[in-house]
Amino acid sequence: MKFGKTFESHLTIEWRQQYMRYGDLKELIKQGVENAPSPLTSSDYEIQAYYRAFEETFLTECQTELTGVNNFFLEKLLEARRKHGHLKLQLLAYSREPGHTGSDSSLSQRAERSQKKIMTTRQLRYAYAEFYLSLVLIQNYQSLNETGFRKICKKYDKNLRSSAAGRWFTENVVDAPFTDGRLLQRMTIEVEDLYTAHLANGDRSLAMEKLRVPPLGEPTPPSMVFRAGIALGMLIMLLVVTAISYWKRAPLEDHTPGLMSLYRGPFTWVIFNFYMAANVAGWQQAGVNHVLIFEIDPRSHLQPATFLEIACTFGILWALSMLGFLYNDLIGVSDPFVFPLALILIMVGLLVVPLPIMNWPARWWTIKLVGRVISAPLHYVGFADFWMGDQLNSLVTCIVDYYYTLRFYAISWLRYERVNNCFEPDVIVPITMCLPGWFRFAQCLRRFRDSGSKSVSYLINAGKYSTTFLVVLFATLRRNSEGEYASTFSNPYTWLFLASCVVATVYCYLWDVIRDFGLFRIMSENLVLRLFWAVEFTILYHNLMTAYNMRTICSILEITRRFIWNYVRLENEHLFNCGNFRATRDIHLAALNPRQERMLESMMDESDGVSNRRKSNERIRLKKEYF
């Protein structure tokens, strides 16, 4: 692989603008060679003057890039050095033991007395894991930029038959601040030692397992891709067999309503998982750091192939269950409704049973995330929390189908008889439909409470989700009073329902294009899919399709809209992270009081063997101290 591609694939996306512009410098060399005067039409003096001028231009550009790289490196180094001292102060207070920096034991006692709130073991492990990752990213920044400058200078000398770039590299880059990795190496070793001694009970292999970061730009393992491919092939084959079987061997007429209702929820979930696999693959292809946005541990996140394998596994289970329902008499099962129940129990079991299959850490993360969504008003709400809440809003039909399934088996089997009206709405259905909207409504109120500025945008967003309650309310009143009026449009609740749908559509669409997608980033598909309720109403009014089939189409279109929304929403969040150069999860450290600030400086002085820390320009100060 050429270095240009290696450079792009290994850089930290959120710091892209702070790396040396290897591609631009390479293009500059190409233009310099192409625009050089020909020896046949130009004198030696003109040729030499051109190359001298181009050499000055190129080296000036290199110097500009070097200055930017040095400044950003020193800024990140200062930030890392201060975090290191702060975390060490917390760790010493937590452990009540002297640190590994040569300071005396009284330092830990002073640290303990000065800390009003000491971090827990879990918080310290999380903080040190993220800090270690930040050190790895800075080291990667060093290595890529140094290699980039060396490669571009070598390319210049080769193409222009010169040695000027090589001399510039030796004089300016070899001893540049960003190429000196001694301080970073010392911090990295000390973090490993501190974690081993205080947070891993002296087990260095365990400490490195928790701290070690997978190689940047590591490709998906071939075995994982192979498994996903096999699963996808099996699913396609089973879906074809299922379609043919349903066509040739249709279920009994009295079984059809139950069959459709019981299998729609799991089928929607299968499609949703395929969309998630496509989302993750698209985010990685576009360079959107979804691992950081969702604050997932980069040491254990799922690859797109894993998502595809999970989606195919659920799809295979769905197809096998459907085939069992259709061929129940041939395989000796008297009641075909055993198969959809078995499907749901297996799918739920694969999600919640803590076995080392199908990536239990990822499943546990999902379970905790759903739990945080349900208990939204009781704790702080992060991006992953409200993202999951939005996914549940698009899975309303799926959630209602699972309620129908629960009611069907509870009533039918307890009474030892099949009750087809179990799939008709009751009082629980509108409540269930309002739950996802309520989760997001409560999250917005909690974010408003937690925001220091009390941003009114959180209340506006809460108002968007409150429109769900009106739509469900008027839809329920309209359905319950439909038989009391001569026509649909003579029912006043029909007009209230339509008005609430219009308000909800306009409200949600404006929020999407102004807030979630970025200002004026109009998405035509989003508008069309949000207006599909009008198409649904028209089709049902003219009896062109059954309500159940129409609702199935609407459900699939809604999760399709959410699939596209996921791309744009995370891109917007990724741009925010890039603008703030945020490449790791936040480490929330309490502010230090003046006494703690003095202690922190004392620890840093003792660690580095220097005493003067009061220069006005921090970048110049770092360079003098360490370089």
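This is a predicted model: local features need pLDDT of at least 70, side-chain atom pairs count only at pLDDT 80 or more; totals for chains, interfaces and linings use all residues.

Biologist: Where is Asn-543 found, and what is its phi?

Modeller: Asn-543 is in the loop between α21 (532-541) and α22 (547-579). Its phi is positive, about 55°, although Asn-543 is not a glycine. Most residues other than glycine have a negative phi.

Biologist: What is known of Asn-201?

Modeller: Asn-201 also is not a glycine and has a positive phi of about 55°. Asn-201 lies in the loop between α7 and α8 (204-211). With a relative accessible area of 74%, Asn-201 is exposed.

Biologist: What makes α7 a helix, and how does its span stand against the expected one?

Modeller: Helices (H or I, at least four residues) and strands (E, at least two) are DSSP runs, numbered from the N terminus. Helix α7 covers residues 182-199 and has 18 residues. The buried residues of α7 include Leu-183, Met-187, Val-191 and Tyr-195.

Biologist: How many helices and strands does the protein have?

Modeller: The protein has 24 helices and zero strands.

Biologist: What makes a group of residues a nonpolar core?

Modeller: A nonpolar core is a set of buried Ala, Val, Leu, Ile, Met, Phe, Trp, Tyr and Cys residues joined through side-chain atoms within 4.5 Å. The largest has 60 residues, and Trp-318, Phe-383 and Trp-387 are among those with the most contacts inside it. Helix α12 (residues 304-326) gives the most to this core, with 11 residues. A second, separate core has 59 residues, including Ile-13, Cys-153, Leu-183 and Tyr-195.

Biologist: Which residues does Trp-387 contact?

Modeller: Contact means heavy atoms within 4.5 Å. Leaving aside neighbours within four places in sequence, Trp-387 is in contact with Met-276, Phe-294, Trp-565, Asn-566 and Leu-570.

Biologist: How do you know whether Ser-500 is buried or exposed?

Modeller: The relative accessible area of Ser-500 is 7%, so Ser-500 counts as buried. Ser-500 is found in helix α19 (residues 492-516). Apart from neighbours within four places in sequence, its contacts are Leu-470, Val-471 and Phe-474.

Biologist: How many disulfides are counted?

Modeller: A disulfide is a pair of cysteine sulfur atoms within 2.5 Å, and by this rule the count is zero. As for individual cysteines, Cys-398 is buried at 3% relative accessible area, and Cys-508 is buried at 11%.

Biologist: What does the UniProt record say of residues 456-475?

Modeller: The unreviewed UniProt entry annotates residues 456-475 as "transmembrane region"; such annotations may be inferred rather than shown by experiment, and positions follow the numbering used here, with feature names shortened. In the model, this span is 100% helix and 0% strand, and its end C-alpha atoms lie 30 Å apart.

Terms used
Residues are numbered from 1 along each chain as its sequence is written. Side-chain values use heavy atoms; hydrogens and water are left out. Buried means under 20% relative accessible area, exposed over 50%, partly exposed in between (1.4 Å probe, protein chains only). The expected span of a helix is 1.5 Å times one less than its number of residues.
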